[in-house]
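This briefing is meant to be read beside the sequence and the model, one topic at a time.

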Amino acid sequence: MKETQVQALHERMIKITEQSLESSAPVYGMVIHEASDLNPASRVSYLGKNADFQPLKVDLKNHSVDYGSWKDWFWLKENVPAMCDWEGNIDYYLDPDDYTKKAGSNEASDVSNMNYEGNAMAVATKIFSCSYCLNHDRYVYFCQEQISEDFQPTGFDVRGIVRDYMLIPMFYGSKDEQGRIRSLAGQWSAGTITGHYTQNRDGIDMDTQAQYLAIQRASVSSLFFGGALVNVLTDLAVLLAKTTDTQIAYGTGMSNCYTSDSDHEGHWGTAPNPILNAQFYGGTDENTFSNIFHSSALGSNMLWQRDPYTLLVYGRLKVSPDYTFDLTGESYIDTGCNLEQGNYFATLQTVPGFGFIPCPDVVGSDSTGYCDHMYANPEVISIASRFGCCRSGARAGLFARSMNHSGFNRNGILENGQPLKDAVELDESFSWWWNFGCSLMVPQPIVTK
């Protein structure tokens, strides 16, 4: 977007925000002073309805939450845990304070039941957003309604059909005997989705294509947990906590729990999905699972989560706003952004309909800027992975990305048998390693009449 267009959008948003304060659909927003202030605790300023709000604070010692001024915000109230069938129909809701029970009763739930025909998921209700960068200030606005064309249902448009909600995983992806990716408590999860490294020496079950097929076995409508919606969820987390250091705000997760194989029976520091019973939960010891929006896959930083909706194609970032799956990136949006190497990027740029991507203009550290490391290798086609793993430590977090290894199989061959460009030269060293897992996301089912 040209500078004059961004300036016009900015002026329009000021007016829209002011007018919305008198309506039933006010605008909530923030500006992140990306270049002028690298302190994560002070670089976020509130705008709109929340201009005078107190941020949400997670007590990482006592595992409690002070919602500040956000307690009654519609989006948080509608972010609830549920048991859903394969296609995303909600069977029943879970007690948000005790997932082992159905909401409103003492009846046992299926949160750990591998025989249940579906998964434990959390509701992410549709929200409209507008984001743009102006002079290295990144503006992000949210509204319950589409009060102008500037607000779009980013993250909720699945191949041309806008959904009223998306279902995000409560737990890291695990794999059942039918080869389906699941979201259930008590299961091991890793790159093989079973947790034992000896099963991934030959690459079986590890490359992105194999993970895609396992997600599709759950249902053809299932998606990788990534893309535009995770960008929106990340910005919502920043908005609520008013900081860009998500590990300080929500917990360090399992970001430094790696152990040698001999000490941990082949699981390399990973652990089965626990039941946390909280919308937000975290710790500071780098060895505690974390919930963000009822999802430990979002907050725990234990396993890189494969996100094929962001590709680094020989140094060029390409993205899929509507969850189209194309490992070549030929059908994706070319963002115009080149990444020649990884770093702690303190600035981001925005892509309409998708949200933020790395911008290498200003560099931070593990305690400044966005605080999370983004790896990049311009020599291969790399499928992005998110959040970090149990060896990442302070490099992990909601903004962390791994884009430095090929996500294809040993020979760089796609499912249709066609070789990729320079396939034999692809860096395959970690494309199927134990710490590259995945989780599934399910859109609201399409209603047919």
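How many disulfides does the count come to, if a disulfide is a pair of cysteine sulfur atoms within 2.5 Å? The count by this rule is zero. This is a predicted model, in which local features need pLDDT of at least 70 and side-chain atom pairs count only at pLDDT 80 or more, whereas totals for chains, interfaces and linings use all residues. Residues are numbered from 1 along each chain as its sequence is written, and side-chain values use heavy atoms, with hydrogens and water left out.

**Cysteines**

- Cysteine 133 is in no disulfide, and the nearest cysteine sulfur, which belongs to cysteine 359, is 7.4 Å away.
- With a relative accessible area of 23%, cysteine 133 is partly exposed, a class that lies between buried (under 20% relative accessible area) and exposed (over 50%), computed with a 1.4 Å probe and protein chains only.
- Cysteine 143, by contrast, is buried, at a relative accessible area of 1%.

**Overall make-up**

- The protein chain has seven helices and 28 strands, where helices (H or I, at least four residues) and strands (E, at least two) are DSSP runs numbered from the N terminus.
- Of the 449 residues in the protein chain, 61% are buried.
- The accessible surface of the protein chain comes to about 17100 Å², and carbon and sulfur atoms account for 46% of this surface; such areas come from the Shrake-Rupley method with a 1.4 Å probe, and for residues only the protein chains shown count as cover.
- When contacts (heavy atoms within 4.5 Å) between residues at least 6 apart in sequence are taken, 68% of them join residues at least 24 apart.

**Nonpolar cores**

- A nonpolar core is a set of buried Ala, Val, Leu, Ile, Met, Phe, Trp, Tyr and Cys residues joined through side-chain atoms within 4.5 Å.
- The largest such core has 112 residues, and those that touch the most other members are Trp70, Trp73, Trp75, Leu233, Leu236, Tyr250 and Phe293.
- Helix α4 (residues 227-241) gives the most to this core, contributing 11 residues.
- Leucine 236 is in contact with Trp73, Trp75, Ile127, Phe142 and Phe293, once its neighbours within four places in sequence are left aside.
- Another core, of 15 residues, lies apart from the largest one, and its members include Val31, Tyr132, Tyr139 and Cys143.

**Helix α3 and glutamine 211**

- Helix α3 (residues 208-218) is where glutamine 211 is found, and this glutamine is buried, with a relative accessible area of 1%.
- The side chains of glutamine 211 and arginine 306 are joined by a polar contact of 3.3 Å; a polar contact is a pair of N or O atoms within 3.5 Å, and within protein one must be able to donate a hydrogen and the other to accept it, while residues adjacent in sequence count only if both atoms are side-chain atoms.
- Because eight of the 11 residues of α3 are buried, this helix is largely enclosed by the rest of the structure; the buried residues include Thr208, Tyr212 and Ile215.

- Glutamine 279 sits in the loop between α6 (261-264) and β17 (280-281), and glutamine 279 is buried, with a relative accessible area of 11%.
- The side chain of glutamine 279 reaches the backbone oxygen of leucine 76 at 3.2 Å.
- Glutamine 279 and histidine 294 lie 15 residues apart in sequence, yet 4.3 Å apart in space from C-alpha to C-alpha.
- Threonine 154, in the loop between β10 (137-143) and β11 (157-158), is buried, with a relative accessible area of 10%.
- Not counting residues up to four places away in sequence, threonine 154 touches Ser129, Ala228, Val232, Gly353, Phe354 and Gly355.

**Aromatic pairs**

- The whole structure contains 23 aromatic pairs, for which rings of Phe, Tyr and Trp (its six-membered ring) must have centres within 6.5 Å; planes under 30 degrees apart count as stacked, over 60 as edge-to-face and the rest as tilted.
- The rings of phenylalanine 53 and tryptophan 70 have centres 4.9 Å apart and planes at 75°, so this pair is edge-to-face.

Terms used. A disulfide is a pair of cysteine sulfur atoms within 2.5 Å.
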